[in-house]
Amino acid sequence: MLAKSHMALGLLGGLGAIALVHNQVNSIILLPLVVFGSLLPDIDEPRSFIGRKFPIISHIVSFSFTHRGFTHFFIFPFIIILLGLVLLPYYKTYAFVCFAISLGIFLHQIGDMLTISGIPYYFFPFSKAKAVLLPSALRFKTGSATEKMIFSIVLVPLVALFGAHYLDILDNFDVYKIINIIGELS
């Protein structure tokens, strides 16, 4: 997926996390961390959005791993979650950072599992299977018209609706009513 699609998924997931832990976390801190995490796996590609922002790190990671390699494997965010669990009793803030970034990484991986390529060796070292979430006929090519359509018709309005609701931008706004209305139309 393109960086903007990954960021939209990150925003959507971050807003969902805010809804789950409402009033327990600062959304101004959570959202950027989740969005950063949603871009982080592509650090293995120097031409990616995040690779261009951190070129030295990206070239080192790219030299060590292939694209959609280790940074796209299930074990990558799992290691960060374990680090967060180790830090939790001593440094709650750092643990929170680990958990938020891990959420973003998982959202990135879900996005990539919707593409034609999927994620090869996702459960490495336990399995060599490619991880995909859709049948091949429904998967799309990165940067294709299908991805751009999904981004503009689905992700942007969802992020706007959830953002407006959970950040209290609109008074008396009920996102669930909107979802029910849309569901009744189809």
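Author: Buried means under 20% relative accessible area, exposed over 50%, and partly exposed in between, with a 1.4 Å probe and protein chains only. This is a predicted model: local features need pLDDT of at least 70, side-chain atom pairs count only at pLDDT 80 or more, and totals for chains, interfaces and linings use all residues. Residues are numbered from 1 along each chain as its sequence is written, and side-chain values use heavy atoms, with hydrogens and water left out.

Reader: Which residues of α5 are buried?

Author: F76, P77, I80, G84 and L87 are the buried residues of α5. Helices are DSSP runs (H or I, at least four residues), numbered from the N terminus.

Reader: Why are the buried residues of α5 said to line one face of the helix?

Author: The arc is taken over the directions from the helix axis to the C-beta atoms. Down the axis of α5 the buried residues fall within an arc of 90°, so they line one face. These buried residues pack against α6, where contact means heavy atoms within 4.5 Å.

Reader: How do you know that the span of α5 agrees with its 13 residues?

Author: The expected span is 1.5 Å times one less than the number of residues. For α5 that should be 18 Å, and its end C-alpha atoms are 18 Å apart, so the two agree.

Reader: What makes P125 exposed?

Author: Its relative accessible area is 53%, and the cut-off for exposed is over 50%, so P125 is exposed. P125 lies in the loop between α6 and α7.

Conventions:
Helix = DSSP H or I, 4+ residues; strand = E, 2+ residues; numbered from the N terminus.
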